[in-house]
Amino acid sequence: MSDRVWFFVYLLVVMTLGFVHNEWIMLLGIIITIALGGKARFKIFKKALLVIALFNLSISLSYIVYGFFVSVDIFALVLINLRAFAITLLTFTLVRRINLHKALDFSKVLAILYGFTYAQIILLKNMLHSYYEGLKSRGATLKTSITKKQLQPLLTTLFGTMLHKSSEQSMGLRSRGLIDD
């Protein structure tokens, strides 16, 4: 199948998962998605699990605490977490398996927006890596104690640079007629 077909199948499956209210079907979807992951399936699984754990843990814990005071359906919580995990796993698998630029080339606007977004992600990733290397060269890493005096100027410069780059990207989008304020 072409990348575009995979992309539309992905959109259809995500919408379908939104309507499914059976945890066994969600588990089946997760298993099928893991099988589609190829050689990187365990890496994708671990990444999706970490993302879901970071995001859903606080929500799930607050829901459980709320359940001490009011009767709540715990299966609804399980279903919501399974749905979020299935969609996240499916998204990571799709991004790993297809070329999104080719999948979105049917629409010039979507292809340009994807290109700008991807460029922004790579730019920010490289900036964060450069700043981390700068911290490391000063002897301060995430594993050692970083003092406020060391961190504050770097963060100020980092956010200033990010805002500057973002406004440049925004001007690029406006000049191409993609943002109409």
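## The second largest pocket

Helices α1, α2 (23-36) and α4 each supply at least two residues to the lining of the second largest pocket. Helices here are DSSP runs of H or I with at least four residues, and strands are runs of E with at least two, numbered from the N terminus. The structure is a predicted model, in which local features need pLDDT of at least 70 and side-chain atom pairs count only at pLDDT 80 or more, while totals for chains, interfaces and linings use all residues. Residues are numbered from 1 along each chain as its sequence is written, and side-chain values use heavy atoms, with hydrogens and water left out.

The volume of the second largest pocket is about 450 Å³. Its lining has 21 residues, of which Val 13, Ile 32, Thr 33, Leu 36 and Leu 90 are the closest to the centre. A pocket is found on a 1 Å grid over the protein atoms alone: it is an open set of points with protein on both sides within 12 Å along at least five of seven lines, whereas a cavity is a set of points where a 1.4 Å probe fits but cannot get out; lining residues have an atom within 4 Å of a point. Grid points are joined across faces, edges and corners, and a volume is the space filled by probe spheres set on the points.

By class, this second lining contains 16 nonpolar, four polar and one charged residues. In this scheme Ala, Val, Leu, Ile, Met, Phe, Trp, Tyr, Cys and Pro count as nonpolar, Asp, Glu, Lys and Arg as charged, and the others, Gly among them, as polar.

## The largest pocket

The largest pocket holds about 550 Å³ of space. It is lined by 18 residues, and those closest to its centre are Lys 47, Phe 92, Val 95, Arg 96 and Tyr 118. Two or more lining residues come from each of α1 (3-19), α3 (41-69), α4 (74-97) and α6 (108-137). Helix α6 gives the most, with six residues.

The lining of the largest pocket is made up of 12 nonpolar, two polar and four charged residues. Domain 1 (3-102) and domain 2 (107-176) each provide at least three residues of this lining.

## The two domains

Which domains does the assignment give for the protein chain? They are domain 1 (3-102) and domain 2 (107-176), with bounds that come from an automatic or database domain assignment. The C-alpha centres of domain 1 and domain 2 are 28 Å apart.

## Nonpolar cores

The largest nonpolar core has 13 residues, and Met 26, Ile 30, Phe 85 and Leu 89 touch the most other members. A nonpolar core is a set of buried Ala, Val, Leu, Ile, Met, Phe, Trp, Tyr and Cys residues joined through side-chain atoms within 4.5 Å. Helices α2, α3 and α4 each contribute at least two residues to this core, and α4 gives the most, with five residues.

Leaving aside neighbours within four places in sequence, Leu 89 is in contact (heavy atoms within 4.5 Å) with Ile 30, Thr 33, Ile 34, Ile 44, Phe 45 and Ala 48. Another core, of eight residues, lies apart from the largest one and includes Leu 90, Ile 98, Leu 100 and Ala 103.

Asn 56, in helix α3, counts as buried because its relative accessible area is 7%. Apart from neighbours within four places in sequence, Asn 56 is in contact with Asn 81 and Ala 84. Gly 134, found in helix α6, is also buried, at 16% relative accessibility.

Is His 129 buried, partly exposed or exposed? His 129, in helix α6, counts as partly exposed because its relative accessibility is 48%. Phe 19 lies in helix α1 and is exposed, with a relative accessible area of 69%.

Conventions. Buried means under 20% relative accessible area, exposed over 50%, partly exposed in between (1.4 Å probe, protein chains only).
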